[in-house]
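Below are my notes on the model you sent, point by point. They cover strand pairing, helix packing and the ligand shell.

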Amino acid sequence: MRPSVCFCKQMQTTAYEVVNGSYVPIRDTKQPINVNVKDEVPVAVPAPLEGVGAFQKLPMVMPSVDILFSALKKARRVSATKGIANIAKRERNRGAKQLDALMKELAVPLRMYKENFPNKKTLHPYERSLIELTLGDGNYEEVLRRVDTLRKRVVSVGKEHASLCAKSLTKREAEERLDEGRKKIEEIFNSEGKAVDELMHIAKTLRAMPVVDLETPTLCLVGAPNVGKSSLVRLLSTGKPEICNYPFTTRGILMGHINLSFQNFQVTDTPGLLRRHDEDRNNLEKLTLAVLSHLPTAVLYVHDLTGECGTSPSDQYIIYKEIKERFGDHLWLDVVSKGDLLTDTPVLFITEDSNSDTSELAKYRRVGPDGALRVSVMTKMGIDELKTRVHELLITQLSIIKDGSTEEVEEKVVVPKKQFH
Ligand SMILES: Nc1nc2c(ncn2[C@@H]2O[C@H](COP(=O)(O)OP(=O)(O)OP(=O)(O)O)[C@@H](O)[C@H]2O)c(=O)[nH]1
Ligand SMILES: [Mg+2]
């Protein structure tokens with residue numbers, strides 16, 4: 001049966017730049033062991049997957065100048081308690097109340113940010129990786145810490161000056177102390193309010209990240225740089241990634257959607273992987289590994305045997321072997337791309353020596369891994385077959401997801417929640 005493909009509206013497909021950092025995604029393979037007392041056989045109980053989507057729930061952060069402006073305006077409107085006849089008393093009461101109001105108007109939004117920006121440790125590992133790789137190591141926590149330090153300083157200085165003002169002996173002194181306190185708080189906010197603006201920028205960056213739904217089957221395109229991943233994403237889904245003839249065109253995770261026979265599927269495009277150790281990988285490659293490590297995606301692995309992409313077939317073979325070994329438990333489909341350019345003679349780079357080829361590598365140069373489908377985006381060779389195979393793969397993934405959620409419901413009944421923490 002050939003699936004009918006209908007393209008739906010493009011959603012959340014913005015790719016984003018990744019800054020430098022030293023984070024390496026590590027697959028969390030540790031699972032709590034539940035010992036069956038009766039036969040004493042340890043049974044691995046999979047930890048329930050925490051949900052993704054925390055970035056969409058981040059609070060809106062106001063620019064620091066707006067927070068200050070609005071707080072000053074509101075504080076100035078505060079008047080002295082009614083019925084105080086003595087001028088000095090009335091003035092110091094007004095001054096103390098205004099400083100207290102100013103302090104509160106500034107501290108409340110800052111406290112709200114602190115409470116509503118999630119602790120990184122409680123996030124889904126995928127979102128944790130995104131934070132590390134896009135914002136840089138520890139930057140998220142650092143900015144939140146600075147916002148909280150600012151809040152504490154405003155509170156402490158506000159209280160100190162409100163109390164000084166309340167002790168004033170004359171109207172003039174009360175006015176001066178109010179002025180002093182206000183200036184001091186303004187100074188602090190002006191010099192340290194940058195943290196709030198940085199937090200606003202962080203929230204904006206995180207909110208713009210592609211939304212992944214763990215319940216929706218997802219296909220992830222993986223392969224060396226420039227092999228034609230994005231071209232296939234464009235053909236298979238609503239995602240419209242940039243396509244260029246140079247490596248690392250794709251600079252972020254991009255999400256497209258496929259609607260096949262009334263069922264929605266997700267497709268993610270990822271940056272290319274080079275032949276090197278994890279420690280040497282750039283953050284773009286680490287993003288790809290984070291997707292494979294933390295998201296239950298099916299993999300469409302793309303091989304370019306034409307020599308066009310810049311990574312030799314033997315290097316692609318080595319990258320492939322490593323990735324397959326690490327992530328081979330994902331549902332998997334191999335494609336050989338740019339079929340229109342492939343000739344019968346396998347391509348050899350100057351740096352390669354075919355005499356040292358194993359029989360497996362020699363076969364790889366000609367046809368790719370066992371069962372790989374040859375396709376061409378240019379001539380549409382193999383594309384109908386690819387769509388059928390992708391559909392089958394995603395339907396299989398859908399049934400795995402459904403089975404998984406049934407098991408999880410059962411587990412929740414019998415296993416105390418504490419065991420997972
Ligand atoms: N002749 C031919 N060229 C192709 C085909 N598919 C992709 N290309 C070209 O290969 C180049 C790289 O394609 P992309 O789709 O950007 O490759 P990518 O793997 O996403 O690249 P990165 O994002 O940089 O890793 C572009 O110039 C494409 O036009 C194909 O089937 N035939
Ligand atoms: Mg690309």
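1. Strands β7 (residues 298-303) and β8 (residues 332-336) run parallel and are joined by five bridges. Within this pairing, Tyr301 has Asp334 of β8 as its bridge partner. Please keep in mind throughout that the model is predicted.

2. From β8 the chain goes on through helix α10 (residues 359-367) to β9, in a β-α-β crossover that is right-handed.

3. Strand β8 also pairs with β9 (residues 373-374): the two run parallel, with two bridges between them. Here Val335 is partnered by Leu373 of β9.

4. Turning to the helices, α1 (residues 64-76) packs on α2 (residues 87-116) with an axis distance of 8 Å and an angle of about 150°. Because angles over 145 degrees count as roughly antiparallel, α1 is described as roughly antiparallel to α2. The crossing of α1 past α2 is right-handed.

5. Helix α2 packs against α4 as well, at an angle of about 170° and with the axes 9 Å apart. This pair is therefore roughly antiparallel too. What is the make-up of the contact of α2 with α4 by residue class? The contact has 16 nonpolar residues, seven charged and three polar.

6. Helix α4 (residues 139-166) has a further packing partner in α6 (residues 194-207), where the angle is about 140° and the axes lie 9 Å apart. The crossing of α4 past α6 is left-handed, whereas that of α1 past α2 is right-handed.

7. The last point concerns the ligand. Which residues come nearest to ligand 1? Of the 23 residues around ligand 1, these are Gly228, Ser230, Asn245, Thr250 and Gly272. By class, the shell around ligand 1 holds ten polar and ten nonpolar residues, together with three charged ones.

Note on methods. Residues are numbered from 1 along each chain as its sequence is written. Chains are lettered from A and ligands numbered from 1 in the order in which they are written. This is a predicted model: local features need pLDDT of at least 70, side-chain atom pairs count only at pLDDT 80 or more; totals for chains, interfaces and linings use all residues. A residue is near a molecule or strand if its C-beta atom, placed from the backbone, lies within 6 Å of it. Ala, Val, Leu, Ile, Met, Phe, Trp, Tyr, Cys and Pro count as nonpolar, Asp, Glu, Lys and Arg as charged, and the others, Gly among them, as polar. Two strands pair if DSSP finds at least two bridges between them. Helices (H or I, at least four residues) and strands (E, at least two) are DSSP runs, numbered from the N terminus. A crossover is right-handed if, with the strands pointing away from the viewer, the path from the first strand over the helix to the second runs clockwise. Axes are lines fitted to C-alpha atoms, for helices over the stretch in contact, and angles run from 0 to 180 degrees between N-to-C directions. Angles under 35 degrees count as roughly parallel, over 145 as roughly antiparallel, 65 to 115 as roughly perpendicular and the rest as oblique. A crossing is left-handed if the near helix is turned anticlockwise from the far one by less than a right angle, and right-handed if clockwise.
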